[in-house]
Each structure stands twice: as C-alpha cells, then as structure tokens.
Amino acid sequence: MKEYSIQSVLNSAGPQAGRIEQLWWLMFWVCTVVFVIVMLALAVAIARGRRGSATAVPESTLTRNISISVGVSTVALVGLLLASVLTGRALGSLPSSNALHVRITGYQWWWNIEYLDADPSLQFTTANELHLPVGRPVVVSLQASDVIHSFWVPNLHGKTDLIPGRENTLLLQADTPGVFRGQCAEYCGVQHAHMAFTVVAEPSEQFEGWLSAQRKPAPDPGSAQTARGRNVVEQGPCAMCHTIRGTNAGARTAPDLTHFATRSTIAAGTAPNTRGYLAGWIADPQHLKPGSRMPPTGLSSDDLQAVIAYLETLQ
Amino acid sequence: MRRGAVLVVLSVMPLIAGCEREKRDYQQLPAAAARQDSVHLTDLVPGEPPAPTLTRSPYEGNAYGMGEGKRLFAAYNCNGCHAQGGGGIGPPLMDGKWIYGSSPDQIYSTIVQGRPDGMPAFGGRVPDQQVWQIVAYVQSLSGQTPQDAAPGRDDDMATKKAETRKERETPKQTGHR
C-alpha cells in the first residue's frame, strides 16, 4: 500500500488547503491572545479582591476600560470575519482555463470517478482512486446516486457535499506530489466509516502515462488459469454489477474493475489490495465490510483462485 | 396494581412483532434456503404427490430484505422488461395473474431457471440471498407481503403507488399472459 501523507488540514498540499490552513492559524493565534488577556485580567481581579483593596474605581476609568475592551473585541471579530470572507473568495477563484474535468459520484459506500474529455473516446471510468497532475487545476463535479455523501481531502480542500439530484463543483489543485487519503464526511449509512479513497498527485508526465494506460481496455488473459478467471467473471455473479472494459462484463452498479490491479486498496479504502485480503473480500464481503452491497457469491475455491489470478493481471 | 402491570405488558407486546421487521442478516442464508430440488408448476404429478417444499420466502416480512429486493430489481434491470411491475416485453407483476406460479419457491425457480419467451435464467449469476430478496419484492408488487414491511418509497421519481399501499391481489394461475 502506498504511504499516505498525514491526513490533516494542517498539512496542506495545495493553494486552497494553504488558505484554509492560514485562516486556521490566524484564528488560533487571535483566540490564544484573547484567552491569555482574559486569564490575566481574571488573575489581576482575583489578586485585588484577596488584598481587600475595596477603593472605588472612578466612573471615568470604568467607562474607559469598558470602551477599550468592546473596541478590541469588535476589531478582532470583524477582522476574523473579513479573513474568513477573503479565504472563501480565494477558494473559488483558481484560474481554471486549462483545468482537468473529473466527475465523482458517491454510492453507498464507494466512489465512482469519471475522467471527462471533449473527445468521448478519451473518457473513462475508474473508482476509489483519484489521480491528479501536480500544479494543474482540477474541476471536480460532485453527484450522489443514493443518499447525501461528502467529499473531503483535508490536504487539498475543505468538504463539499454530494447531493442526489444536484451537481456541486469543487476546484482543486495539488502543488506537491504525494498520496493523500480522502473520505466521506457526511454520515451515509452503515459503512460510512469505510467509504474512503486515495488521491495520488503526480508530476505531469507520470499522470499522462497513467491516463493513457487507464484508457486502454483490460489486457487479455495470458494463462489457462487467468482465462478461466475471466470466464467466471463474465458468466458468474461478478458481471451482474461490475464492468471490465474489453470483456462482456458491463454492468454499472459497482466499481469499474478494468485496471483493478493498479489500485492500492480494495472495498473503498477498507483493506490493502493484496492477494490475501482480496480472497477474503470476494469469498465473504460481509465479514470485511458488513452491510456492503457486495453479496457473498459462493464461488468454488478453484473458481475463486482463478478470479483472483485474473484480477491481478488487470494492470 | 397487578392489573395495571398486566395492561402495560399487554400493550407493549405488539411492539415485539416489530423487532423482526428490520432484521438485517448480511451473511449468506443457511444452505437449506437454496432450492436444489425441482419446483412443480402444477398439481398434476405422476405417482405420490411431492413433499411440500418451502412455501415462505425468508424475507417475506422483512423490510430490509424487500428494500434490497427493490434496489436489485432496478440494478439487475428487471425493469427493462417488467417496467416497475407494470409489464411491457415481460408480463406485469402487479396484477393477480401468474403464468408460472405465485408461491415463493415458484417465483424463485422462475428467476433462477428462466422461462420460455424471454425470461433469462439468472441461476449462478445472482447469489441465492439476493434471489430471495427479489422474490420478496416481486411478491410485494401484487400486495402478497405484510403491508408494514413492504417498501414505502422510491429512490427515483415514483412511477406508481408505493408497494406498502398496494391492495392485495388474489393470485390466479392462468398459465398465459
């Protein structure tokens, strides 16, 4: 499994997340200063009270002190409000003329990712792993198929909801290469906690290579066992829900598996994509992710091994 | 005092019936639920009448199972021919007429084996558990299941009265559309 960067708002890897981080620190320091001043004033008041200095403070001093406090509070609050508005404006104003367009649809409990292109033959669908070119803005259209989900990659941007029957748009940019973890941030049902995805930000040439590899149909099986695996996928239960481009499997209610072996996780970030986890997942999905839409398929052990061998060839 | 306690217990007891309504069993059904033997579509059989087989769907009164059945009915494109139960290329499923039998095991066999004139065989493609969920949903289309458990809403635009409001049709074995 690829090594994730620390999943935190305070570990920004793009311009928008950078603005959000700045705002976070501004609020943190302003609040810290206010807190320290209030605590000092409280300490002074307690000390005075203990000493029993009950000398009446003149009316004019009281008025002056209260005016100063109200003035400082107002300036601090208006300042924070202004900073918040400016950050909000900055988040929406990334030059997007050469932007990459991606459409993400939330399903219970995985992410369908479509790379859009003016030329329809260059469009393709994948799932649960979003690749981005470093330094280029990405327009992400967000939709939901069933219930409300929320798209959140704290290293790149704030949260945006995916709402059935509506399209929300998010503008993203990654400035440093890296692997980031994103997750659903709106409770969406029993497996909400296991609805994660991986974002891979990579240099432009590497990204273009990934794009052209993903556009190709699945490779043909090279051995008898993998051929048997493809047969089981096409004629068994897998093809009822999954697509593998280049084969007869073409259903669209579950993640596209065309280049399944290139992904680092299975079941939307639930487990690493290794042979053991994969076998456990296909044999009994309800054990790894109870309530998931993937049913127990009841494949025989030979068929199961063949299917796994075939899936591992889907580079 | 004792009468009061009895009254309280009696008035709470009906709620217990609701416990099973939403029961979610994610694991594979017990092997007994898989229908290996052949299902008879007619009462006319040679020799001894066959032993009565499973006549209730495991998801018949289960809201979760029927809801899943409804989702799968769309996901597996049953709508392509049966059109939300109204019928088109395939026969309607919301009326009382049955060509190949209305009992749960007969509906199960129709889905698994396929039927002449277009119904494909889904055996080996749709796992047993899901077939039984679809069976329960198909029954709810003509009001054969308890109304408190039948689906009450659509994920997309509603095309017909919700299954939970469907009045019960009396099944008639017609043998034709």
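Leaving aside its neighbours within four places in sequence, with which residues is Val307(A) in contact? In this predicted model, Val307(A) contacts Gly229(A), Val232(A), Val233(A), Ile282(A) and Leu299(A).

Val307(A) also belongs to the largest nonpolar core, which has 52 residues. Together with Leu156(A), Val199(A) and Ala268(A), Val307(A) is among the residues with the most contacts inside that core. Helix 7 of chain A, residues 301-312, supplies the largest share of this core, with five residues. Another core, of 24 residues, lies apart from it, and includes Leu72(B), Val126(B), Ile134(B) and Val138(B).

A helix pair in chain A comes next. The axes of helix 1 (residues 15-51) and helix 2 (residues 59-91) of chain A come within 9 Å and cross at roughly 175°. An angle over 145 degrees counts as roughly antiparallel, and helix 1 of chain A and helix 2 of chain A are therefore roughly antiparallel to each other. On the side of helix 1 of chain A, the residues that meet helix 2 of chain A include Leu23(A), Leu26(A), Met27(A) and Val30(A). Their partners in helix 2 of chain A include Ala76(A), Leu80(A), Ala83(A) and Thr87(A).

Between the chains, 13 residues of chain A are in contact with 13 residues of chain B. The table gives the make-up of two sets of contact residues.

| Contact | Nonpolar | Polar | Charged |
|---|---|---|---|
| Helix 1 of chain A with helix 2 of chain A | 11 residues | three residues | one residue |
| Side of chain A that touches chain B | six residues | six residues | one residue |

Terms used. Residues are numbered from 1 along each chain as its sequence is written. Chains are lettered from A and ligands numbered from 1 in the order in which they are written. This is a predicted model: local features need pLDDT of at least 70, side-chain atom pairs count only at pLDDT 80 or more; totals for chains, interfaces and linings use all residues. A nonpolar core is a set of buried Ala, Val, Leu, Ile, Met, Phe, Trp, Tyr and Cys residues joined through C-beta atoms within 7 Å. A residue is buried if 20 or more other C-beta atoms lie within 10 Å of its own, exposed if 12 or fewer, and partly exposed in between; C-beta atoms are placed from the backbone. Helices (H or I, at least four residues) and strands (E, at least two) are DSSP runs, numbered from the N terminus. Two residues are in contact if their C-beta atoms, placed from the backbone, lie within 7 Å. Ala, Val, Leu, Ile, Met, Phe, Trp, Tyr, Cys and Pro count as nonpolar, Asp, Glu, Lys and Arg as charged, and the others, Gly among them, as polar. Axes are lines fitted to C-alpha atoms, for helices over the stretch in contact, and angles run from 0 to 180 degrees between N-to-C directions. Angles under 35 degrees count as roughly parallel, over 145 as roughly antiparallel, 65 to 115 as roughly perpendicular and the rest as oblique.
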